[in-house]
Each structure stands twice: as C-alpha cells, then as structure tokens.
There are 2 protein chains.
Amino acid sequence: MTPEAVKRATIEDVARRAGVSRAAVSKVIRGAYGVSASMRERVEAVIEELDYRPLISARGMRGATFTLGMELPDIANQFFARILSGATTALETEPYQLVIAPVDPDHSEGYRALEALADRQVDGLIAVSPRVDPRWLEEMSRRIPIVMLGRHDSSVGYDTVVGDDVAGVGMLMQHLVELGHREIAHLTLDDHHTRPGSGTPHSLRLAAYEATMREVGLASSIQVVRCDGGEDDAHRATLRMLASGARPTAIFAAHDELAIGVLSALTQRPDTSEISVAGYDNIKQARHPLIGLTSVDQPGEQMGGSVVSLLLERLAGRTDAVHEVAVPRLVPRSSTRPISGARGVT
Amino acid sequence: MTPEAVKRATIEDVARRAGVSRAAVSKVIRGAYGVSASMRERVEAVIEELDYRPLISARGMRGATFTLGMELPDIANQFFARILSGATTALETEPYQLVIAPVDPDHSEGYRALEALADRQVDGLIAVSPRVDPRWLEEMSRRIPIVMLGRHDSSVGYDTVVGDDVAGVGMLMQHLVELGHREIAHLTLDDHHTRPGSGTPHSLRLAAYEATMREVGLASSIQVVRCDGGEDDAHRATLRMLASGARPTAIFAAHDELAIGVLSALTQRPDTSEISVAGYDNIKQARHPLIGLTSVDQPGEQMGGSVVSLLLERLAGRTDAVHEVAVPRLVPRSSTRPISGARGVT
DNA sequence: GTGAAAGCGCTAACAG
DNA sequence: CTGTTAGCGCTTTCAC
C-alpha cells in the first residue's frame, strides 16, 4: 500500500539464505525432531538476521493457530475485567495468545463476534454470557471447542463455568431480611435477559429473589423494576420508580454496575438516604469506601482461570462436557443498614 | 479432535454442490463483477444450505483480512473503555472486525501483543499508549499501517491521536491555584513512564505540573510521589506519603484511577478530609456523586473514533502521517475545595 | 538428517 | 459469463 512498504520475510527467504529447505526451517522454528545442531544454529542466525516470524494464519491453514478467542460483552462492566484478568494470568505460561472480540452491548448479540472469531481460525472459543441460542452454541461446538462463562445451560458439546446464583441471592436476601427489610425491590434487566428457564444468571437471580420473598412471607411486597443494563440506565430507572411513589426500604440490583447507578440516583434525592442498596459481583468500585456497596462476591479471576483451563483441556483432547460452579460469598458493607428497631422476620 | 468433529464447508464444497467453479463462488461471496443472476442465486442457495462462511485466514493469504487489531493495556482503567467504545461505534458501519490483544500491565510491554496481532494478519494496528520504542514502531509501520493513541512521539510512518496534556494540566493547576492551594503534590507513575522527552502523556503531565508550580512561584513546594499504576497502588502510595509526614493541601493524580485510590486512602485517615484531590481523564467513576472527582476530561470516545478513521484512511491509501490533538476540558467537582480564606496567588 | 512435493482454503489472472 | 491455473506461507508425509 505505502510506496516503500516492506514485505516481511517468509520461511522461503530464510531457507534460501541459510541454504536449506523450507521443511528444515519449519522444523527448527517448531523445535521438531530431526535437525542437526549445526543446521539449527545456522537457521536460527538467519531468522534473527531477517527478523523472521512465521505467519500464524498460514500456519493455521495446516494446523493450529495457538489463538484463543473470547467474545466479551460490555467492557465497561468491571466484572468482566476480573474475568479477563484471571484468563490472561492462566495463559501467561501457555503458548496461546488471547484475542478479544468486543460486542456492542446495544446492538449485536454475540453471534457476530463468535462467528468472526471462528472465521479467523481461533483454536478455541470463550463465550461470556452470550445472548445466543444454546442450540446454536451446541451446533457451533461441533466445529470448534467452546467454553461458556456465565450461563446455566445444560450442554453436551461445550463446557460451562458459572456462579451459583441461587445460593448467592439466597445469602443476600437473608442478609437484608435479617436487617429487618420487608419492602425489598429488585432491579434487573429486561425480559430478554431474564426469561424464566433461559439459563441466564439474571433469570436465576430474579427467580431466587421472588422465591425468597415468598418463603419469608413477603410475596405481596415483590417489586421488580426493569432497566437497560448500564449504570445510567439504572440511575434513570431508580428515579422513575421513586417518582411513581414506590418507597422500598432496600433495593437489590442484579449486578454492581446497576447498584452503583441506584446509589447515584438516591444521592440526588434528599428523602431517600435511608434506602439500603445491594449489588452482585463485588467489582472493584463496590469496595471503594465512598461507595461501600454490599455485594455478593463472584470469584471472577478464578472463573476466568477455569475457563481457560477447561478450554486447554479440550484442545488437549477431552470430549466430555464439564460444568463448573463457582461459590459466591456475601460481602456486607455500609450500603445496607438495619431497619430502625426491627430484627428478623418470621 | 472430538470424535464427531464436523468440518466446516469450504468454497470447494459449495462449488461442487452448485456445479460451478470455485472462482465463481468466490465472485459471488465478494459481490464481484461478472456473475449471472441465475448462477448467483444457485450459489447463494447452496451457501445457505451448507452454512458456508469463508475462512478469513485463507482469504488473508491472498489479500486483506478485514480485521483491525488493537493492543490494549490495563482493561481495568475505564478510560480505555471510553476509547474502545468510540472505536467500535466508528466501526459499526464498516466491514472491518476489531480484535483486541490484552496486555498484562505488569509484565509484557506491548511488543508481544502488537507482534502477535501482526502475525495474525490484521490489516491495521491500533496501539494504545504502548511502552515500546518509537523507532520500533516506526520500523513496524513499514510493514503494516499503525495508528498510535496516547503518545506525543513525532513520527513519519504512523499516525497519532493524543490529548493536549500540557493544556489540560494547565487548566487543572490554575483551578487549584485559584482555590488557594499552594502545597500541591503530584502522584504519578514510575520513571519508566515519565522519563522527560519520552513522549508519554505522563511525562508531559509531570513536566507541566512542575512548570506551573514554578511559574506561580511554588517551585519549593513541588512534591512528586510515585506509584505503580493501579488504584490500589495509589492508595498505598498515599498512605505512605501521609505516614512520612507530608501534608499537601491538594493532590493531583496523573489519572483518575489513581485519584480514586487517593480518595480511598484519604477516607481512611480522619485528619485528611480537607485535602483536595484531582485526577485526569474524567472516567465514569469520577462522575459518580459519591466520588465527585474533579478531573480533566479527555474525549475518549472521540479519540477512539479518530483512531479508527485514520487507520481506515491509511488502508484506503493515505501515506503521509497525521497527528491529531484532542482538546481537554476541566470538570470541577466536589473533590477540590477552596483553601480557607485564601484566593489567588501572586 | 535432509529435502522434494503435495496441499490447507482462498483469490486473481487469464483463457475460453 | 465461466472455468482453469497458479500461487499466498506454512506444515507434513515420504523418499532419499
């Protein structure tokens, strides 16, 4: 393209310059068996001299690309940063390179990113809470190894890593109830993400919320508020709820980013400073003393590590599906306070 | 690998099944000139039937891969989320796919990620504040189009997009001085990131801080504190500084993530609530009312968009280097307060 | 231990 | 308008 564009050296260039065959060079760079020390030395010198690096895509036409692809929705949600951190750490000592295809949270749904990655010859796919049909994933997994993070689908063709959302919500709700709360609202995503039986974390969290409310005799206080996924959306939804006259004593947001949006909305309204707020995930921002958000910790780093391990196992030949469940942990902080006087329920 | 592994359909499969040549299929999928309507129809039906998708890497061996690679350090820093958002938006209507190679902020330095991307045949490279030698980048840019975001290097082979750090720091320092602050400390990264003349944003911010201090006659109050890049590091560095007895009236942190760590440290110490804090970038968290961090806004989304546009222009044939400077904007918030009584300086 | 040759899936140049 | 041919850079039998 550019006038003085420089072509990179090919295996052929190296072979010629070293006076050997391409096959020989190939063996050297792969550390394969059957090369004399003298030849190896000579070839390596030329590689150095020519600054030669094998083209992965060409290599991929014959075998592996040593590339793992990860589809990632909404990079703004810091829980995904935890996952990514765990994944890159797990990959540090491995010869694999991770590449990420970001998904526009508003528009596309994951199909596009997953397919784009597959078209680019990645050896394995990591799908993070993708909004895709499980059957589609199942089909896809017959062509390429897949590990999915963050859904409870039962699957035979791919592995899954997921948090125990029912247990997590259970702990959190118990905490709120013990603090004396009865009017507990739940802020969650739209139907699309929470359809019963869809296997998404948010559908389970919603169901667990409702179940707990019923169990403790608060069925009539069940209040579900919907919003669109981001901090700002949660902020607006909270203001809307407040404007409609609702006055819960506690709001359980389906994940921390939403909870933080709830907090910012409550801060704006002088009459609502008593409302307790809780989130889910325990992202970094939740831990900040000025935020102090009660949350349910999901071990994101560990989950990211598991995902990578499982994928690596698949690449090494495993064929039966593994489903890993990560254990959540309640982290109470200042954003949840006891209701005046009250203690416990039924 | 898996027993019942399914191979994906190739162009050959489609050609055979449709009773045409591979070249014909190729033309159809590229929308190239010279195919009869009837053939196009037949081929498209088979493509649908076989669920055929061209393998990008094979295609790349001949021409373009329609893939843009972005090296991204530290996904936890939300400023990069702003950039990414701008980039993906700009790419929405383009036929290019963006892939990201995450860089472990602790270990690698960007070389690895950039090379990994180039080895994988991306058509263009976006480097975000990479810690690499400008000469190396220059060399690399002779093989593949590059746009670098976040450094002030003068370059001939690649484009750059960067904020006007000197102007931004100027505004911020003026703001602090006008509030009556004289003991203003600067928290920044280690020497490696701030070496004078290295062209990194942090080296310019540091220099601009020192310059302003001198200009307003506060040279003797210059205090530079170093830390390691993350919120927690900033937190610890602040506690260390406090323990050493230093009592600035204001702390200017080199970016918002650091500033937020400073805030959390100050919150822990009862005697420091009067200290003003300011950051840089204006990330989402800075805007939260419970944080209320004074910051200098960098138009990250716009910068991300510019980066993509410039790269696309290069792919379209432009060969002269473009250097774009984004204009920063001061956003005062509650984290900076006037010093008792004082007003203005010299 | 070494190299020649075939082929991965695709595109581009040309011939029909 | 259509098909044949020749690679792109690499790996992998398989002879030597």
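A residue is near a molecule or strand if its C-beta atom, placed from the backbone, lies within 6 Å of it. The model is predicted: local features need pLDDT of at least 70, side-chain atom pairs count only at pLDDT 80 or more, and totals for chains, interfaces and linings use all residues. Residues are numbered from 1 along each chain as its sequence is written, with chains lettered from A and ligands numbered from 1 in the order in which they are written.

Around DNA strand C there are 25 residues, of which Ser21(A), Ser36(A), Met61(A), Ile11(B) and Ala23(B) come nearest. Two or more residues each come from α2 (22-30) and α4 of chain A and from α2 (22-30) and α4 (56-62) of chain B; helices (H or I, at least four residues) and strands (E, at least two) are DSSP runs, numbered from the N terminus. The largest share, 5 residues, belongs to α2(B).

The two protein chains also meet: 51 residues of chain A are in contact with 50 residues of chain B, contact requiring C-beta atoms, placed from the backbone, within 7 Å. On the chain A side, β2(A) gives the largest share, 6 residues.

Away from these surfaces, helix α10 (residues 201-215) of chain B has 15 residues and reaches 21 Å from first C-alpha to last, close to the 21 Å expected (1.5 Å times one less than the number of residues). Its buried residues (20 or more other C-beta atoms, placed from the backbone, within 10 Å of their own) include Pro201(B), Leu204(B) and Tyr209(B). Among the elements covering them are β5 (159-163) and α8 (165-178) of chain B. Just after α10(B), Gly217(B) takes a positive phi of about 75 degrees.

Conventions
Buried ≥ 20, exposed ≤ 12 C-beta atoms within 10 Å, placed from the backbone.
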